[in-house]
Amino acid sequence: MTNLESYLLKFSEEEWLEAIEQILGCIHEVDRNAVQIWFRFYPLELIRFIQNAEDREEAIRSLAIQGDFELNDQVDTSHTFLYGHRHWKTVKAAIVAESKVFTNQTPTLVEEIKQIGMLVAEKLKVERPLINGIVAVGLMTLNQVGLDAFAATDGDVEKPTGIMAKSPDQIIRARAEDDSQGIFGFLKTDNKKYSVAYADSKGSGKFNIINDEEIASASARNQSQKWKERDERCWEGVVPVECRSASCGTCWVGVLGGQEKLTEVARRERRQVKVFGYRQPADPQPFLRLACQARAFGNVTIVIPPWNGVFGKKIYGNVEELELEPATTSAAKLREAIAGATSNEG
Ligand code: FES
């Protein structure tokens, strides 16, 4: 193990999140939500729990995990929704180079991220705030997969397309805009129509949403693709769903833009997200939501994680009493796994 790897291993998930919080002002607005979302999509304590489990398959089953939760096979792709992703090859090379020369001084995580960010920004001649976020993601990826797996892939990324091909400021503006309601739009009340732009590990697109509709129902009305072939958790639309009642945790999404145009988190969503183990920030309209609960009153941009699970109690131990409703899910396997994950509640 290199010095850099042992240094990174010292930090808990909590300390990583604190470091991200501290460095947020040095991350360009275009990636501020994206970086925080990425760190919630790939929780360190969950990975450590599974890596240390005697029976890996049983651990995964007991946490009701569905989909691809590990970074090993997505070293170059887990962060396509970051603007900084386009600089990944250089960032990755810089981290590999750093792992060869890092001596065990004791920088803070923030200092280490900024140090690498500065070198990459100088080399690429781009502003540091556009690099710091993807450097943080790179260091955590190294921390979770180890140097061999980290360095094994070539780091090539596809050229950004669509909105992501624009400048950072244009992206921010485009995400903030609402669809036009036509010349008589001002007369419309609840029949306004908006769009949800999405990105996931397979690509990006958008679907329509009616004013005050939940993201999950709007996604289900879009049958433009065979979603299940794309991700077997997608029974209806591009957003994976099961229960539609905040009971299963399948539909969690990150909100890259327009979080203020989603209804506030109600008590049930707040509580269930804790049960699932997702780290939803405490603000009323946070950047991490359940798509079956959040209703939109404007355009929003979301990113869909490639997995879901129920691990709040086992990993963080922060759930005192569980109230999972009888699931109306069609997947018996998931229902069984959730029951297993909560069986010691009596
Ligand atoms: S679909 Fe089950 S929590 Fe949203």
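**Helix packing and the nonpolar core**

Helix 3 (residues 29-41) and helix 8 pack with their axes 10 Å apart and at an angle of about 10 degrees, the axes being lines fitted to C-alpha atoms over the stretch in contact and the angles running from 0 to 180 degrees between N-to-C directions. Helix 3 is therefore roughly parallel to helix 8, a term used for angles under 35 degrees; helices are DSSP runs of H or I with at least four residues, numbered from the N terminus. The model is a predicted one, in which local features need pLDDT of at least 70 and side-chain atom pairs count only at pLDDT 80 or more, whereas totals for chains, interfaces and linings use all residues. Residues are numbered from 1 along each chain as its sequence is written.

In this pairing, D31, A34, V35, W38 and F39 of helix 3 meet G133, A136, V137 and M140 of helix 8, contact being defined by C-beta atoms, placed from the backbone, that lie within 7 Å.

The largest nonpolar core comprises 82 residues, and I215, V253 and I302 have the most contacts inside it; such a core is a set of buried Ala, Val, Leu, Ile, Met, Phe, Trp, Tyr and Cys residues joined through C-beta atoms within 7 Å, where buried denotes 20 or more other C-beta atoms within 10 Å of a residue's own. Helix 8 (residues 132-152) gives the most to this core, with eight residues. Because domain 1 (3-42 + 78-165) and domain 2 (177-345) both give residues to this core, it lies between them, the domain bounds coming from an automatic or database domain assignment.

Definitions and conventions. Buried ≥ 20, exposed ≤ 12 C-beta atoms within 10 Å, placed from the backbone. Helix = DSSP H or I, 4+ residues; strand = E, 2+ residues; numbered from the N terminus. Parallel < 35°, antiparallel > 145°, perpendicular 65-115°, else oblique. Contact = placed C-beta atoms within 7 Å.
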